[in-house]
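Biologist: I have a chain open here and would like to talk through parts of it. Could you take me through it as I ask?

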Amino acid sequence: MSFHLCSSPSSLLHDPNLFSVHPKPTPRTFFSSYNPNSPPFHSGNLLQTIHVSIQEAIPQETHIEKPKLDANPPDAASKRNAWVNPKSPRASQLRRKSYDSRYSSLVKLAESLDACAPNEADVSDVITKFGSNLFEQDAVVTLNNMTNPETAPLVLINLLETVKPSREVILYNVTMKVLRKSKDLEKAEKLFDEMLQRGVKPDNATFTTLISCARQCGLPKRAVEWFEKMPSFGCEPDNVTLAAMIDAYGRAGNVEMALSLYDRARTEKWRIDAVTFSTLIRIYGYSGNYDGCLNIYEEMKSLGVKPNLVIYNRLLDSMGKAKRPWQAKIIHKDLISNGFEPNWSTYAALVRAYGRARYGDDALVIYREMKEKGLELTVILYNTLLSMCADIGYVDEAFEIFQDMKSCGTCEPDSWTFSSLITVYSCCGRVAEAEAALLEMREAGFEPTLFVLTSVIQCYGKAKQVDDVVRTFDQVLELGIEPDDRFCGCLLNVMTQTPSEEIGKLIECVEKAKPKLGHVVKMLVQDESFEEGVLKKEASELIDSIGSDVKKAYLNCLIDLCVNLSKLEKACEILQLGMECDIYSSLQSKSATQWSLHLKSLSLGAALTALHVWMNDLTEAALASGEEFPPLLGINTGHGKHKYSDKGLAAVVESHLKELNAPFHEAPDKVGWFLTTSVAAKAWLESRRSSEEVSA
């Protein structure tokens with residue numbers, strides 16, 4: 001067991017050999033009993049001190065239980081003529097009065113030593129003027145109440161020479177704790193070297209003090225070094241020290257050792273403090289094990305360890321990285337309900353968590369709360385909010401945030417700021433605002449990146465200003481910027497919004513940027529037919545040549561282009577390619593009770609094409625193969641609308657189903673689902689086939 005002379009009240013000397021001056025074999029602590037016949041010991045000499053606890057990251061100065069010290073020196077005892085029964089209440093009162101007086105005088109001595117000049121003469125003068133012989137326990141109390149790291153080592157030298165303690169290591173340890181209070185690891189390590197030079201052997205308390213000092217100084221690697229020196233001095237770390245080393249190893253980067261000690265701590269039921277749990281959460285967060293973060297949080301609560309604000313903030317940060325905003329909400333509520341006031345780090349973590357997950361309303365609530373409390377946002381936080389607004393179509397909110405950023409006086413918009421703002425305006429086709437933001441960006445000294453120019457092209461495309469699209473494309477080439485897959489995908493997307501008579505202008509741009517894409521587009525828009533499989537082969541080679549993050553976007557645009565030009569067969573061929581390449585996965589599902597078509601991830605043209613293919617499959621299954629339908633058939637469109645459009649997929653599909661006179665109706669209890677019964681579906685399919693036969 002390691003001990004600490006300035007922490008929570010307990011016995012300083014649980015170890016009977018730690019502070020003993022009695023060479024008897026029977027265990028007996030230095031202050032374990034009262035013997036009026038032993039001159040150095042008085043009725044008050046029952047100094048009660050305390051356990052060391054290096055678990056505390058920033059140990060608070062706790063009230064040390066006052067030692068029972070006789071205010072009268074030994075020779076004063078002979079002057080007392082009255083005998084008092086030691087069992088009487090009067091004796092207890094006299095002892096308390098004697099104890100208070102003696103302890104108070106030692107505290108005042110410590111204050112005087114803190115205040116004196118840091119030189120041997122002044123220190124000696126203060127101790128001499130104390131006017132009473134100091135005993136070993138007096139030296140401990142005096143040093144323990146000191147706070148000045150400059151005078152404490154000088155006081156130690158004086159007391160070692162004048163008191164001549166039986167165990168010098170105790171005074172060294174108490175002096176190290178004075179240095180720890182001021183986070184002066186350098187002086188503490190120097191004092192350790194002086195111990196060794198004097199021939200004093202360090203004990204567990206020495207090392208635990210140095211380890212905790214290194215932790216408080218933010219030097220976990222030094223803490224590890226001191227911990228690993230313990231065996232060479234014959235010291236065995238106790239559970240308290242080992243638990244603290246979980247934090248030290250974790251901060252020092254030795255994750256394997258930290259987690260190994262934590263596993264042992266769980267098995268042996270060590271007491272682990274909040275700081276160590278915080279480090280474990282940080283370790284799991286850095287490694288991407290976000291479930292591990294939550295498990296640590298739940299475990300510490302089950303052990304009765306109260307989370308602090310640092311732990312809550314680290315959990316919020318981890319949930320933000322994990323894109324689990326719902327769990328960030330729960331943790332935020334726990335933080336508030338446990339009486340904590342969110343600080344800047346809390347709000348920043350919440351902005352990042354909600355912003356990254358595109359929880360727009362929640363992010364804006366936190367943003368406005370920060371503004372109300374006068375908390376400043378960094379460029380990164382402003383940009384996170386603007387990027388979120390760009391992704392979810394919060395145009396007015398983005399403008400408000402941008403204006404606030406410019407007027408805050410603490411940070412300036414950077415390239416990312418302007419990029420997000422231009423993206424917001426571009427996606428809703430606000431040409432004037434996008435051009436103004438682009439001009440402001442250039443005036444601020446930032447040249448537009450390919451990402452920005454891609455957004456500008458998208459803006460002109462939405463406004464159907466094809467000539468401006470071509471002009472911006474030429475600027476990209478003039479700047480020597482090589483178009484990437486996303487840029488070409490943007491051109492392809494603009495093409496789906498362009499009148500057929502102007503598509504040729506864009507095809508020329510696409511051919512320059514990505515010849516393979518230009519070739520496939522030409523095959524789609526031309527009226528001529530190709531041998532079976534040729535189109536799919538060319539499109540497959542194109543898909544193989546682009547990144548996986550844009551494959552679905554390319555296919556969606558190619559199908560949309562076909563649908564816009566009423567080339568349904570080519571659209572079906574591209575859709576089939578997407579299904580074969582597993583880019584469109586799980587479009588159809590079957591169970592004993594329901595067959596379903598899932599359109600949530602598709603563009604409007606791709607969704608209508610998939611619906612056409614599914615209807616044909618149902619016709620084949622029911623009318624040609626005689627396959628039995630389940631009780632229900634359903635189409636799942638999702639319930640959201642496009643972020644920059646008033647049209648949602650559900651509305652488009654519903655309108656198309658009405659045109660087909662299909663018996664699918666929106667389910668009142670399942671948002672985004674259109675359902676029908678097998679009987680109604682079969683009747684409609686038969687009617688549809690009959691109509692087609694008549695038309696033929």
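This is a predicted model: local features need pLDDT of at least 70, side-chain atom pairs count only at pLDDT 80 or more; totals for chains, interfaces and linings use all residues.

Biologist: Is Ser-603 buried or exposed?

Modeller: Ser-603 counts as buried, because its relative accessibility is 15% and the cut-off for buried is under 20%.

Biologist: And which residues is Ser-603 in contact with, leaving aside its neighbours within four places in sequence?

Modeller: With those neighbours left aside, Ser-603 is in contact with Asn-556 and Asp-560. Asn-556 and Asp-560 are themselves among the buried residues of α28.

Biologist: How many residues of α28 are buried?

Modeller: In α28, 10 of the 14 residues are buried, so the helix is mostly covered. Among the buried ones are Lys-551, Tyr-554, Leu-555, Cys-557 and Leu-558.

Biologist: What covers the buried residues of α28?

Modeller: The cover includes α24 (485-496), α25 (503-513), α26, α27, α29 and α30.

Biologist: What should the 14 residues of α28 span, at 1.5 Å a residue?

Modeller: Helix α28 covers residues 551-564 and should span 20 Å. Its end C-alpha atoms are 20 Å apart, which agrees with that expectation. After α28 comes Ser-566, which has a positive phi, near 60°.

Biologist: Let us turn to α29 and α30. At roughly what angle do their axes cross?

Modeller: The axes of α29 (residues 568-580) and α30 (residues 604-624) cross at roughly 90° and come within 10 Å.

Biologist: What about α26 and α27, how do their axes cross?

Modeller: The axes of α26 (residues 515-525) and α27 (residues 534-544) come within 9 Å, with a crossing angle of roughly 155°. That angle is over 145 degrees, so α26 counts as roughly antiparallel to α27. The crossing of α26 past α27 is left-handed.

Biologist: Which residues make the contact?

Modeller: On the α26 side they are Lys-516, Leu-517, His-519, Val-520, Met-523 and Leu-524. On the α27 side they are Val-534, Leu-535, Glu-538, Ala-539, Glu-541 and Leu-542. By class, the contact of α26 with α27 has eight nonpolar, one polar and three charged residues.

Biologist: What is found in the loop between α26 and α27?

Modeller: Phe-530 is found in that loop. Its relative accessible area is 29%, so Phe-530 is partly exposed. Not counting residues up to four places away in sequence, Phe-530 touches Met-523 and Lys-570. Met-523 also belongs to the contact of α26 with α27.

Biologist: Another region now: where is Asn-313, and is it buried or exposed?

Modeller: Asn-313 is in helix α14 (residues 309-321), and at 11% relative accessibility it counts as buried. Leaving aside neighbours within four places in sequence, Asn-313 is in contact with Leu-335, Asn-343, Ser-345, Thr-346 and Ala-349.

Biologist: Finally, the whole chain. How many helices and strands are there?

Modeller: The chain has 32 helices and five strands. Of its 696 residues, 49% count as buried. Among contacts between residues at least 6 apart in sequence, 67% join residues at least 24 apart.

Key:
Residues are numbered from 1 along each chain as its sequence is written. Side-chain values use heavy atoms; hydrogens and water are left out. Axes are lines fitted to C-alpha atoms, for helices over the stretch in contact, and angles run from 0 to 180 degrees between N-to-C directions. Helices (H or I, at least four residues) and strands (E, at least two) are DSSP runs, numbered from the N terminus. Angles under 35 degrees count as roughly parallel, over 145 as roughly antiparallel, 65 to 115 as roughly perpendicular and the rest as oblique. A crossing is left-handed if the near helix is turned anticlockwise from the far one by less than a right angle, and right-handed if clockwise. Contact means heavy atoms within 4.5 Å. Ala, Val, Leu, Ile, Met, Phe, Trp, Tyr, Cys and Pro count as nonpolar, Asp, Glu, Lys and Arg as charged, and the others, Gly among them, as polar. Buried means under 20% relative accessible area, exposed over 50%, partly exposed in between (1.4 Å probe, protein chains only). The expected span of a helix is 1.5 Å times one less than its number of residues.
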